[in-house]
Amino acid sequence: MSFVETGRSKPGREMLLRLGDRLQIPFRDRNRILLAAGYAPAFPEHPFGGPELAPVRDALDRILKSHEPYPAVVFDRHWNLVAANAAIQPLIATIDPALLTPPVNVLRVGLALMPQIVNVYEVMKYFRDRLQRQLTATADVQLAQLLAEFENYLARENPGEETESDFAQNLGPVRVRAPGGGEWSFFGMFGTFDMPFEVTVSELAIELLFPADATTAAAFESLARLREEN
C-alpha cells in the first residue's frame with residue numbers, strides 16, 4: 001500500500017476493486033477510477049428504461065402501488081424523479097407546473113413546498129445534511145449546486161441563525177399544512193437496493209411516506225377513494 005501511495009508502483013485492477021469496496025466508493029466512481037488507471041470498467045450501466053432493468057422497474061412499480069394510499073417516490077443520484085405513485089398528487093397540487101416538467105427534481109420541488117411545511121427549518125436542515133453527506137462521498141457538481149440552493153434558502157429565510165448543526169439527528173414527523181386548514185403529518189422510510197448489480201440501480205433510492213397520525217391516514221385514504229371514483 002505504501003508503494004501505491006507514494007507512486008512507486010501502479011495499483012492492479014484487483015487492488016483498485018478491493019479499495020473501492022472497502023471505502024464504499026459509489027459504483028460510478030469505481031468505474032472512473034479503473035478507467036483512469038487504464039482498466040476496463042467493472043460495473044455495467046444501462047438506461048433505466050432499457051430491457052436489462054425491466055425486473056427493477058417491475059419491483060419498483062409493485063412497491064409504489066402497494067404503498068398507496070400513502071405517497072412514495074423513486075429518484076436517482078441527482079434527486080431527479082424516476083417514478084411516483086398517485087398518492088403524491090395532493091402534496092404537489094399547488095406546485096408551479098414548470099417545476100413538474102421532466103426532469104423533475106425532487107429537492108427543488110421540496111424547496112417550492114417549504115412555505116406549506118410547518119416545521120420548515122427542521123426539514124430543511126435534515127435534507128441539507130443528507131445532501132452534504134452525499135456530496136462528500138461523490139464530489140458531484142450537480143449535488144453541490146443543490147446544496148448551495150438549500151444553504152441560500154436557509155440564509156434568506158432565517159437570517160442570522162446558525163445553520164451548521166446536527167439538527168438532522170432530531171427531525172420528527174414532517175408537518176404539512178393541509179388544503180382547507182389543519183395539518184398532515186408524515187414520517188419517512190428511505191431505501192436503496194441491497195444488492196445492486198449495476199450503476200443505475202445502485203444510484204436509485206425510494207422514499208416512502210407514512211401517516212404519523214390518524215387524521216393524516218384518514219385524509220389520504222379518503223383522497224384515494226375519490227381518485228378511484230373519478
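Where is Q24 found? Q24 sits in the loop between helix 2 (13-22) and helix 3 (27-36); helices (H or I, at least four residues) and strands (E, at least two) are DSSP runs numbered from the N terminus. The model is predicted: local features need pLDDT of at least 70, side-chain atom pairs count only at pLDDT 80 or more, and totals for chains, interfaces and linings use all residues. Residues are numbered from 1 along each chain as its sequence is written, and side-chain values use heavy atoms, with hydrogens and water left out.

Q24 counts as exposed because its relative accessibility is 67%; buried means under 20% relative accessible area, exposed over 50%, and partly exposed in between (1.4 Å probe, protein chains only). Q24 and T215 are separated by 191 residues in sequence and by 41 Å in space, C-alpha to C-alpha.

**Helix 7**

Helix 7 covers residues 141-157, and its end C-alpha atoms are 24 Å apart, in agreement with the 24 Å that its 17 residues should span at 1.5 Å a residue. The expected span is 1.5 Å times one less than the number of residues. Buried in helix 7 are L143, L146, L147, F150, Y153 and L154. Seen down the axis of helix 7, its buried residues fall within an arc of 115 degrees, so they line one face of the helix; the arc is that of the directions from the helix axis to the C-beta atoms. They pack against helix 5 (106-113) and helix 6 (120-138), where contact means heavy atoms within 4.5 Å. V141 and R156 are exposed on the other side of helix 7.

**Nonpolar cores**

A nonpolar core is a set of buried Ala, Val, Leu, Ile, Met, Phe, Trp, Tyr and Cys residues joined through side-chain atoms within 4.5 Å. The largest has 35 residues, and F150 and W184 are among those with the most contacts inside it. A second, separate core of 11 residues includes L53, V74, A83 and V201.

**Aromatic pairs**

Rings of Phe, Tyr and Trp (its six-membered ring) pair if their centres lie within 6.5 Å; planes under 30 degrees apart count as stacked, over 60 as edge-to-face and the rest as tilted.

| Pair | Centre to centre | Angle between planes | Class |
|---|---|---|---|
| F75 and W79 | 4.4 Å | 10 degrees | stacked |
| Y126 and F127 | 5.1 Å | 85 degrees | edge-to-face |

F75 and W79 are buried. Y126 counts as partly exposed at 21% relative accessibility, whereas F127 counts as buried at 19%. One aromatic cluster is formed by F75, W79, Y126, F127 and F190.
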